[in-house]
Amino acid sequence: MRFLLVEDSETLARAIVDRLALDGHAVDHAGTLDAAQASISVADYDLILLDIMLPDGDGRSFLAQHRKARKRTPVIVLTARSEVSDRVGLLDLGADDYITKPFDFSELQARCRAVLRRQGGSAANQTSFGDAVLDSTAGTLTTARGTEDLRNRELRLLEVFFGAPGQIFSKTHLMDRLFSFSDDVSENAIEVYVGRIRKKLGASNVRIETVRGLGYRLASRA
Amino acid sequence: MSGRGAARSRSIRSRLVLQLAAVAAILSLAFFLIVRVVADRAAGETQDNILAASATAIADALYSVEGQVALELPYSAISMLGTISEDRVFYRVAAAGETITGYGDLPIAEPQRPGAGPAFSTYDYRGEAVRAVTVMRPVSVGARRLDVAVTVAQTQLGLAAISSRITGIATAIAVGFFLVATALSFWAAQSALAPLDRLTQSVARRGPNDLRDVVTDTPTELVPLMGALNKFIARLRTSLSRSEDLITEAAHRVRTPLATVRAQAEVTHHRLQKPEHRKAMREMIRAIDESSRSAGQLLDHAMVTFRADSQERADLDLAELLRETCERLAPTADLKDIDIVQDIPEGAMPFAGDRVLLQSALHNILDNAIKYSPPDTRITASARAGAQFELSIADNGRGFSASDHDDPTARFSRGSNVADIVGSGLGLTIADEVARNHGGALRIVSEEGEGACVSLLLPAA
Amino acid sequence: MRIAAIAGGLIFALWSGALLAFEVEDHKIYAADPQTDLLRIISTADLDAFAPIIEAYQAANPGVTVDYTIASSTELMAALYDERAAFDLAISSAMDLQTKLANDGLAQSYASAATGALPDWAKWRDQVFGFTQEPAVLVISQTFFAGTEPPRSREALINLLRNDPERFRGRIGTYDVRVSGLGYLFATQDSRNSESFWRLTELMGGLDAQLYCCSGDMISDVAGGRLAFAYNVLGSYAESRIADTAGIEIVELEDFLSVMLRTALIPNTAENVEPARAMIDFLAGLSAAPRLTAASGLPPIDEESLRENNALRPIRLGPGLLVFLDRLKRETFLRSWTSAIEQSP
């Protein structure tokens, strides 16, 4: 996905760009409102991450302008304010959601997904391998047996495998992707989720292989 | 110190009344004294005039016959002295120290200079003070010229009676004047202070958030006070918005660096290979999360306290509010594969309250439930309308227990110290404060291992 | 009666002669048993007139023995003014002398509800209290005026005397003002009230008027036909005589009537002040006791009568009365009066 990050703090912006890149997202960064305007006039973005306090103005005015221009690109506001005080104003101004700094990137992704899903999947975000089709936005897996809803963690695990078929992912890497830092879980917990997606992929010609001592990978049923 | 201060700051009204009354008292006294002196003098002069007229009339009746001074004492000369009062009357007609007629021992009032008009004198005679007048009249007796002294004296009973009557009248008038003036001074103080009362009322009537300038019809003298008051209100306004700004600013200042550190830490975590390094980085991220959560809740708490004081009320729909909160936190719950089941009936639950505060309360309760629920569970958000509104969040978590270090009941007591309220428990403290601020309560039903049900109870209109 | 009075007076004078230099006409003690208090009165009023009052007073104030001394007004004055004799109450028809006693500081003040009820003209300085009002009247012989209208005013009287002088010659009676204090009082008041007084006096003098010391003799002579009329007779006395005396008639002149007030005062020398005050209250309330006033023949103070009869002129208590006590004034007045009344040698 392609993000536009409007954020004046250079260090924070770089960290966010780096972090989202890890998940395979392309992020453009704009440090000011002017730069942000320039960016959206030349490129299409799947989602805009907007900071409120900017050197050349209030992010809310950008938001208002954005909605006035009837642009459909969803906006998630990054707010440093209190959890509650800004909510009403922001949502009324047309923000699709907001997330309070500092944020967990998995939560940010979850919110992005939720926002995009609400948009009605205009940009169908589908990945396929073999005869299995993963729709990230809808949160579904389609196989010969039909389409199945996925739990959040199942979806995220499948995203990892579908993102790089054949690549071996260590348990550690998968845990990083699946669990938040506050969840104190053992590496064995990953096996439960791998078990679940294997079951869901059972009717297809793809499977999750265990590579002893290294981890797991997505492979075609030979 | 404060007692002395209180004693010193007597009311303007009583001071004004006292001062006006004191002025009235002085004027009354002055009036009384002046009336007395003037009236006494007038009465005295009246008596003197009558005495002089009497003596003159007697002197006019002097004549000489056969080488002797003779007198036809005119009836009216003496009787006129009895017309006004019942004073005793004495007279003496003497020539060259020899009494011709009358009271031989009646002293003659010495004229101030010979040939002058009647000479007056006051002395004691026959046991009583008398006012006497002597008129000198030369009478030709043969070839001689005899100076005849006609003295008429009268006691001062009538004078005293007149004086006491006038004193009585003067006293009555002075007292009356004093009373009327005092009553008027009450009225004057009242009306002089009326603008102050109006000003007081116009300030007292205001709501807690009414920080507009005071605009009442004020007299010139109160304009500086009004100006000062309005300046103060303006400062208060600035200060209040500044404290709101401060909370915002503080949040910004704390959260942005934390966000930076956390993002970088996460990136770093991904790049690290050695498990011990990764563990250290994970702990760092957890610490960041914990502190940002605490900071967030402290700031939330400050905001709740700030807003609770200002008592903003708006009509809102509690069902809608709960639905919004559920949707807002659904992605968070999703991360742990937790389902939020909404058991919210159709139809509005109208309530007058502070939207921000109620949202904060619900958010904290739900956020807490998500935090303490294991993955792959469900949380039920239900709303019930009855004698009171009941917004409940029930989870399948561990529940609260006495052994739990996060015992919520401990945190409910307002007297708890700050160290104790830092942490997730503050979320329930916030919810509790919001509930009480709206005339409701927070109810926690919990059984260990069975999960907890936290309900926000609010009075139905 | 008169002889008896003189006899009583002599007895008293003999008894108390060593103590008293003033002349006493009569003296009587109305003893109370048991006696708790004593009231010594010096009075000009006859016992006939005053006895009922004393008895009534004693009935109201049991225990008070009343010591009643009768003297002429001149003697009364001498007793109190010159001798400072110890009396508790002085009752006199000589208003001028009573006034002088008060004016010269020889009377005590007293005020009570009873004295407060007296009209202002009937008291002076709360010291002199009038308790009767007795006009000076004309007493005429019924036989002399039979068939003719008696004069109703001094002018009418003057005209009568002028028109028919010989008929009245030697048959006019009046006080010898040189002897009678009351006569002097009435005469001086007449001279004040009307110019006609001197014309009348001259006329009467020209007609050989008979001069009397006392009312009684004058009334007797009118009744006996020796006088056609007596001028300035004390009305109350005439009233008391009319019942037992035939042939007289009282005429109240309509131009004016000098009214004498019998007055009481408490001398400074009084030793029994309380019973004296009680007597003053009693006398001030006489108007409410008609039977008593009828018995004593003393007409009480009656303000109502003044409104009904405009001719009544109560002699005003006050310093004006001192004028005719003035030595020079009295000499002048008596000289004028004498020359008017004694025209024929």
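The model is predicted. Chain A has 222 residues, of which 40% count as buried. An open sheet of five strands is described for chain B, and an open sheet of seven strands for chain C. Chains B and C touch through 16 residues on each side.

**Chain A**

- Chain A contains eight helices and 13 strands.
- Among the contacts of chain A with a separation of 6 or more, 49% are between residues 24 or more positions apart.

**The five-stranded sheet of chain B**

- The strand order is β9-β11-β12-β14-β13 in chain B, and the pairing is mixed.
- At the edges stand β9 (339-343) and β13 (441-447) of chain B; each has a single partner strand, so one side of each has no neighbour in the sheet.
- From one strand to the next, the twist averages 15°.
- The pairing of β9(B) with β11 (residues 378-385) of chain B is parallel and runs over five bridges.
- B:Asp343 has B:Ser382 in β11(B) as its bridge partner.
- Helix α8 (residues 318-335) of chain B packs on this sheet, where it touches β9, β11, β12 (388-394) and β14 (451-459) of chain B. The direction of α8 makes about 175° with that of β11(B).

**Strand β3 of chain B and its partners**

- Of the seven residues in strand β3 (residues 89-95) of chain B, six are buried.
- β3(B) runs antiparallel to β7 (residues 144-155) of chain B, and seven bridges join the two.
- β3(B) also runs antiparallel to β4(B), here with four bridges.
- B:Val93 has a bridge partner in each of these strands: B:Val150 in β7(B) and B:Thr101 in β4(B).
- The hairpin of β3(B) and β4(B) has two residues between the strands, and in this hairpin B:Ala96 takes a positive phi near 55°.

**Contact between chains B and C**

- The contact involves 16 residues of chain B and 16 residues of chain C.
- On the chain B side, β2 (68-71), α3 (75-79), α4 (81-84) and β4 (98-102) each supply at least two residues.
- α3(B) gives the largest share of that side, with three residues.
- By class, the chain B side has eight nonpolar, four polar and four charged residues.

**The seven-stranded sheet of chain C**

- The open sheet has the order β1-β3-β2-β4-β13-β6-β5 in chain C, with mixed pairing.
- β1 (26-30) and β5 (123-124) of chain C are the edge strands, and each pairs on one side only.
- β1(C) and β3 (residues 64-70) of chain C run antiparallel and are joined by five bridges.
- C:Ile29 is opposite C:Asp67 in β3(C).
- Helix α4 (residues 95-103) of chain C lies across β4 (89-92), β5, β6 (128-130) and β13 (263-265) of chain C, at about 25° to β13(C).
- Helix α12(C) lies across β2 (37-43), β3, β4, β6 and β13 of chain C, at about 60° to β2(C).

**C:Phe282 in helix α12**

- C:Phe282 belongs to helix α12 (residues 273-284) of chain C.
- C:Phe282 counts as buried because 21 other C-beta atoms lie within 10 Å, against a cut-off of 20 or more.
- Beyond the neighbours within four places in sequence, C:Phe282 contacts C:Tyr57 and C:Ala60.
- C:Ile53 is 229 residues from C:Phe282 in sequence, yet their C-alpha atoms are 8.9 Å apart.

- The buried residues of helix α6 (residues 154-163) of chain C include C:Arg154, C:Leu157, C:Leu160 and C:Leu161.
- These residues cover an arc of only 120° around the axis, which means that they are on the same side of α6(C).
- The face of α6(C) turned away from the buried side carries the exposed residues C:Asn159 and C:Asn163.
- Among the elements that cover the buried residues of α6(C) are α7 (165-168) and α9 of chain C.
- The axes of α9 (residues 196-206) and α16 (residues 327-341) of chain C come within 7 Å and cross at roughly 45°; α9(C) and α16(C) are therefore oblique to each other.
- From α9(C), C:Trp198, C:Thr201, C:Glu202, C:Met204 and C:Gly205 meet C:Trp337, C:Ala340 and C:Ile341 of α16(C).
- This contact of α9(C) with α16(C) has five nonpolar, two polar and one charged residues.

Definitions and conventions. Residues numbered from 1 in each chain as written. Chains lettered and ligands numbered in written order. Predicted model: local features only at pLDDT ≥ 70, side-chain atom pairs only at ≥ 80, totals over all residues. Buried ≥ 20, exposed ≤ 12 C-beta atoms within 10 Å, placed from the backbone. Contact = placed C-beta atoms within 7 Å. Axes fitted to C-alpha atoms, helices over the stretch in contact; angles between N-to-C directions. Parallel < 35°, antiparallel > 145°, perpendicular 65-115°, else oblique. Nonpolar A, V, L, I, M, F, W, Y, C, P; charged D, E, K, R; others polar. Arc of directions from axis to C-beta. Pairing = 2+ DSSP bridges.
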